[in-house]
Amino acid sequence: MDFECKSGLVYAQHDGVDLNGDLYLPKGATAKVPAAVAVHGGGWQLGSSIFHKGWGPYLAQRGIALFSVNYRLIKDGKKMYPEAVHDVR
């Protein structure tokens, strides 16, 4: 089974910032499929949805969709907790 990836899908907007992620789907899926949401690590300081570029295809090829999300990170010393948690929630 093959897969398709839809990168940069906006899933929310918080404080004027678009939040996006990468959606990996089983190719040609016409019915509902099981799905998981993946949140990268990185201590609020680094990381992105690309961390799951291995898991996304692996799961999608086995009939499971994966949505790997991005959230706001610490930038220029600005604290992003609990904002990052809110982004994921």
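The model is predicted: local features need pLDDT of at least 70, side-chain atom pairs count only at pLDDT 80 or more, and totals for chains, interfaces and linings use all residues. Residues are numbered from 1 along each chain as its sequence is written, and side-chain values use heavy atoms, with hydrogens and water left out.

**Overall fold**
- The chain holds two helices and four strands, taken as DSSP runs (helices H or I, at least four residues; strands E, at least two).
- Along the sequence the pattern reads β-β-β-α-β-α.
- The C-alpha trace spans about 45 × 20 × 15 Å along its principal axes.
- Of the 89 residues, 34% are buried, meaning under 20% relative accessible area with a 1.4 Å probe, protein chains only.

**Sheet**
- The four strands form an open sheet in the order β1-β2-β4-β3, with mixed pairing; strands pair if DSSP finds at least two bridges between them.
- β1 (3-14) and β3 (35-39) are the edge strands, each pairing on one side only.
- β3 pairs with β4 (residues 65-69) in the parallel sense, over five bridges.
- A38 has S68 in β4 as its bridge partner.

**Surface**
- W44, I74, Y81 and V85 form a nonpolar surface patch with about 330 Å² of accessible area together. Areas come from the Shrake-Rupley method with a 1.4 Å probe.
- W44 lies in the loop between β3 and α1 (55-60).
- W44 counts as partly exposed because its relative accessibility is 31%, between the limits of 20% and 50%.

Key. Patch = residues over 30% accessible without salt bridge, like charges linked within 9 Å, V, L, I, M, F, W, Y side chains within 5 Å. Salt bridge = Lys/Arg side-chain N within 4 Å of Asp/Glu carboxyl O.
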